[in-house]
Amino acid sequence: MPVLPAVLRPGAPMASLSRALRVAAARPRQSPTRGLGPCNLSSASGPTAEKSVPYQRTLKEGQGTSVVAQGPSRPLPSTANVVVIGGGSLGCQTLYHLAKLGMSGAVLLERERLTSGTTWHTAGLLWQLRPSDVEVELLAHTRRVVSRELEEETGLHTGWIQNGGLFIASNRQRLDEYKRLMSLGKAYGVESHVLSPAETKTLYPLMNVDDLYGTLYVPHDGTMDPAGTCSTLARAASARGAQVIENCPVTGIRVWTDDFGVRRVAGVETQHGSIQTPCVVNCAGVWASAVGRMAGVKVPLVAMHHAYVVTERIEGIQNMPNVRDHDASVYLRLQGDALSVGGYEANPIFWEEVSDKFAFGLFDLDWEVFTQHIEGAINRVPVLEKTGIKSTVCGPGETHMQVTDHSPWVGALTGGMEWLGGHSLRTQTGGQDRGQPSLALEESFTPDHKPLMGEAPEVRGFFLGCGFNSAGMMLGGGCGQELAHWIIHGRPEKDMHGYDIRRFHHSLTDHPRWIRERSHESYAKNYSVVFPHDEPLAGRNMRRDPLHEELLGQGCVFQERHGWERPGWFHPQGPAPVLEYDYYGAYGSRAHEDYAYRRLLADEYTFDFPPHHDTEASAEQSQDKVTGGSWASGPVWAPPRDKQREPEPRGLWPGVCLLFLLLQSGQARLVTWDSWQPVAPAWGPGSHVQGVEIKKECLACRGAAAVFDMSYFGKFYLVGLDARKAADWLFSADVSRPPGSTVYTCMLNCRGGTESDLTVSRLAPSHQASPLAPAFEGDGYYLAVGGAMAQHNWSHITTVLQDQKFRCRLIDNSEDLGMVSIQGPASRAILQEVLDADLSNKAFPFSTHKLLRAAGHLVRAIRLSFVGELGWELHIPKASCVPVYRAVMAAGAKHGLVNAGYRAIDSLSTEKGYRHWHADLRPDDSPLEAGLAFTCKLKSPVPFLGREALEQQRAAGLRRRLVCFTVEDKVPMFGLEAIWRNGQVVGHVRRADFGFAIDKTIAYGYIHDPSGGPVSRDFVKSGDYALERMGVTYGAQAHLKSPFDPDNKRVKGTY
């Protein structure tokens, strides 16, 4: 351990935040990635010598016998219907909800004591508003469980404190983000208020508001007690027949292979015996990867240190709301009459080797890392500059806590809470010393900062409930409920695709570089503004299609979708390649200079129209960073220019890395807000470096032709003796048509929700394999599915085939085939020069496919459209993609053919009214609600998965319906806007874009009748509608048909 400066040694004057900042800056710089030893706080035999610590008090570790050595807290059952591994927030919530849903024989195994992993030290904050409708629902359920339902059920108080939440906006973009959350909250009944700086000062007198644009106040946010919540959950679950067994480490998972070659869970092995079970739930937190390896399941997460400090008493802080200052990357949690101060930094410390002996443990707090948060905290609440740091368990020196029986945090929060089985938790905290001191703790983080849930694709019966990125407490209730539904009914109630482990392609889930880079960036950008079109810089170029280099040279700006690089849009100023990840200059990496791709992304950091959209409004909206209006619509006041902070172009929060970079360069000094210079905005006047490219791509497609590289699509073959039976059951539409036909269809779940929309082409049997079709007997189908959802589709189909025991094969040719789509009025004329076939309507009708030659290369041509125009898709063997593409471009030159990307597809398909899965079509939306009844073979007697649910829904009447809206005002919308009908909120926008052909903003959202009645076509047509964007409502017109080409003439070639 380094020698501590005298000012921070025991007996020295009380350390304050400002003093800690100065001392840390003066200390010799050490590597931020060095391994830090854990301070294990679980009971252990033998006294421990007192160490020097930088705080007023020194706590000693208590003496006693290891609790694990005592054996399990109760005998193990020989069998169980479900075994939950891990007694943290998710494990306890899942067990509780399993028991509540009537599951018998549910057992929870905890290797040490409940909450001993990462739950015990969590801050326990609950914020109700997030930029996701599903997460708002999950958070609402957690709040109900913790604040009301558990207490009503058990008579025990969980420790819930409703002190409210306050989000800080130091720039216009941040305030715009908060206004978006406020509008979404109205659709879910979440009370929130956008406050001016003066109103904020009245609410929180100790806060500095000189540099604020405003704040978002949510009065019913609050704070959870991890120990009180988990113990009450365990008690409630036990009362319903579930079993909680502590001190019982799991040592193995038994797996067996059935007659169809499917691997399934058989049992759990522990140090004290085994349990036979068909279902295991991995809620092991940072140990989840190790548990997964026991069963051959890949769990893509990493462990990182996450720290906060607790202050001494602050006069006047009582009853203040919790604070998130995203732009300073700081949160301030009320803790009685003190504050916990923490945040997310650009250089978190990875925990390289996760110890299976770690329980109720902490790490040495690394001040070089943590001081990034101190200046922001002092700026926001200036009294912190002279406030002492409370006694500590781990800081820049090894410290120890004196405990009796087990954790200091548990007893401190619960006041000696009684535990199941008669155990008593006690700590020696002394007088007012309740709560946590300064902590450096461990958490698990995932590549997209979303949890890992659902059934693992490798082993049936192995479920995941881990990787919660420090949000396990606040998401625990909602996710525990959904996971319980998943286990019992085979699927969750809500759309959980964003959390489903099947969202990741199997090639990524054990790829060390991708997992590490993406998890780092997700952690570092946790507090960044969530802009609609942001793209990651980490973990790129993992999967590139055959046309990647060809398109890069033509100015393609790529997007990333689960490893694939797909075309986003094209700009005329040369290549903008995605470079190797530079960790934003952390860990001694050299940050890229003059990074063209990052500069292009910077223009997207706005909630206005991006400059390359080139609407009339986009130029006007970028002229001023502050607009007039009410506090609900836009600030009428802005801080002085020298106090303003703008979003940093690379996507991280402004200023959060300033001190860190100074420390890294050896130029440590204090940085104050007075000396800090804001970063110039990248999207102001004169920033139209891309010109009008997306608009050009869209209008070229409508007026001439555009070529889209869609090679990242999933391309599967379903073949075999039972392939027709499987297709009839899997697909909602009738796909068993003659060979040569292609059908747009959905795949449903048992509740009638939409698991996918895709195209299915019927194949003729073949005894000779080719690059475009396998050899097979029986029936065969060619499936084309969106690339971002390919793994989800593969897993869904595989699960159904296994459950129904169909004798057929599912073959993945996604990497072996490219896919180019040529769309627009001139597409027939262009392709007639390339393909060796008659492309007339009679010879090649819509929704058919043929094997043809394109410039001498064999391709599968399918007449389809994703944008509402005449067009064909060419499915091409990998080696032939470049020559076929070049032939198409050469033939199209005289017709005005242009390259186009997915940003154009988004706009064009929105304009035409085509659905996008996981936007306006999700697993909790039925085809009837989404206006896709034509994809369901309800008039035939053929059974299919989800049919019974659809028939019941149709008989009862639709309780919600997807509606298209157009807005005359030139305002950008991106989704989450509230939908008003006759003065009442009836839903929110799922998807929105600008339609360049009709020159209007277009939005889609599901609406319901507030009275609870069915939503008929007459109900839709009779309403007076408005869409609320950032607190301002805009009149909207509702449409039951697409506003563009409602009679579908263009896809038939009629212009």
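**Exercise 1. How many salt bridges does the count come to?**

Solution. The count comes to 55 salt bridges. The model is a predicted one. Side chains of opposite charge can pair when their charged atoms come close. The next exercises take up individual pairs.

**Exercise 2. Which side chain meets K525 in a salt bridge, and at what N to O distance?**

Solution. Step one: the partner is D534. Step two: the N to O distance is 2.7 Å. Step three: K525 has a relative accessible area of 14%. Buried means under 20%, so K525 is buried.

**Exercise 3. Which parts does the pair of R561 and E535 tie together?**

Solution. Start with the contact. R561 and E535 form a salt bridge, with the closest N and O atoms 3.2 Å apart. Now place each residue. R561 sits in strand β26 (residues 556-561), and E535 sits in the loop between α11 (512-524) and α12 (548-552), so the pair joins parts 26 residues apart in sequence. Finish with accessibility. R561 is partly exposed at 24%. E535 is buried at 6%.

**Exercise 4. Are E911 and R702 buried or exposed, and which helices hold them?**

Solution. Their salt bridge has its closest N and O atoms 2.9 Å apart. E911 belongs to helix α21 (residues 902-912) and R702 to helix α16 (residues 693-703), so the pair links parts 209 residues apart in sequence. Both E911 and R702 are buried.

**Exercise 5. Where does D603 lie, and how far in space is D603 from H533?**

Solution. D603 is in the loop between α13 (596-602) and α14 (616-621). D603 is buried, at 4% relative accessible area.

Definitions and conventions. Residues are numbered from 1 along each chain as its sequence is written. This is a predicted model: local features need pLDDT of at least 70, side-chain atom pairs count only at pLDDT 80 or more; totals for chains, interfaces and linings use all residues. Side-chain values use heavy atoms; hydrogens and water are left out. Helices (H or I, at least four residues) and strands (E, at least two) are DSSP runs, numbered from the N terminus. Buried means under 20% relative accessible area, exposed over 50%, partly exposed in between (1.4 Å probe, protein chains only). A salt bridge is a side-chain nitrogen of Lys or Arg within 4 Å of a carboxyl oxygen of Asp or Glu.
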